[in-house]
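Welcome! Have a look at the sequence and the model below, and then let us walk through them together.

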Amino acid sequence: PRSYSASDLAHALQRFVRRERFNFVYVPWGHGAKGKANMGFGFVNFVDHDAFLAARAKTEGKAWVQLCGGEPREGRSIEWSEATVQGLHENLRRFEGSEHGHPPL
């Protein structure tokens, strides 16, 4: 959802994968609508490839409302793709002091 912060995304993911299996979450916020909406994507760094595979298997293709515990309905579905920046330290360096709102988690 466009109102989600990094904390919201981390909380939602914990329904499917233990929190210790990912160590970085970042959701960039846009400048439109006075910065009151995220840009429609986020970054998650998993501690290993198996953690990513588990999260993807349980969430990909599901509607965001399902991820949040709501009833299935039409809407944007969850899609995973590989980011160009990999690893906790590299992500922290990349997004530190980002101009796009909320800090990484």
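**How to read the model**

This is a predicted model, in which local features need pLDDT of at least 70 and side-chain atom pairs count only at pLDDT 80 or more, while totals for chains, interfaces and linings use all residues. Residues are numbered from 1 along each chain as its sequence is written, and side-chain values use heavy atoms, leaving out hydrogens and water. The score pLDDT is the predictor's confidence in each residue, from 0 to 100. Its mean for the protein is 80, and 75% of the residues reach 70 or more.

**The overall layout**

Helices (H or I, at least four residues) and strands (E, at least two) are DSSP runs, numbered from the N terminus. The protein has 4 helices and 2 strands, and along the sequence they follow the pattern α-β-β-α-α-α. Of its 105 residues, 30% count as buried.

Which residues of helix H2 (residues 49-59) are buried? They are Ala51, Phe52, Ala55 and Thr59. Seen down the axis of H2, these buried residues fall within an arc of 100°, so they line one face of the helix. The arc is that of the directions from the helix axis to the C-beta atoms. On the face turned away from the buried side sit the exposed residues His49, Asp50 and Ala57.

At the start of H2, a side-chain oxygen of Asp48 comes to within 3.2 Å of the backbone nitrogen of Asp50. Just after the helix, Gly61 has a positive phi of about 90°.

**The aromatic rings and the core**

A pair of aromatic rings is described by the distance of the centres and the angle of the planes. Rings of Phe, Tyr and Trp (its six-membered ring) pair if their centres lie within 6.5 Å; planes under 30 degrees apart count as stacked, over 60 as edge-to-face and the rest as tilted. By this rule there are 6 aromatic pairs. One of them joins Phe52 and Trp80 edge-to-face, at 5.9 Å centre to centre with 80° between the planes. Phe52 lies in helix H2 and Trp80 in the loop between H3 and helix H4 (88-95), so the pair ties together parts that are 28 residues apart in sequence. Phe22, Phe46, Phe52 and Trp80 form one aromatic cluster.

A nonpolar core is a set of buried Ala, Val, Leu, Ile, Met, Phe, Trp, Tyr and Cys residues joined through side-chain atoms within 4.5 Å. The largest one has 17 residues, of which Leu9, Phe22, Val25, Phe46 and Trp80 touch the most other members. H1, S1 and H2 each supply at least two residues of this core, and H1 gives the most, with 5 residues.

**Salt bridges**

A salt bridge is a side-chain nitrogen of Lys or Arg within 4 Å of a carboxyl oxygen of Asp or Glu. How many does a search of the whole structure find? The search finds 2 salt bridges, listed here.

| Salt bridge | Closest N and O atoms |
|---|---|
| Arg18 and Glu20 | 2.6 Å |
| Asp48 and Arg21 | 3.4 Å |

Asp48 is partly exposed, with a relative accessible area of 36%. Arg18 counts as exposed at 52% relative accessibility, and Glu20 counts as exposed at 52%.

Asn45 is in strand S2. Is Asn45 buried or exposed? Its relative accessibility is 9%, so Asn45 counts as buried. The side chain of Asn45 makes a polar contact with the side chain of Asn23 at 2.8 Å. Such a contact is a pair of N or O atoms within 3.5 Å; within protein, one must be able to donate a hydrogen and the other to accept it, and residues adjacent in sequence count only if both atoms are side-chain atoms. A polar atom of the Asn45 side chain also lies 3.1 Å from the backbone nitrogen of Gly87.

Definitions and conventions: Buried < 20%, exposed > 50% of the residue type's maximum accessible area, 1.4 Å probe, protein only.
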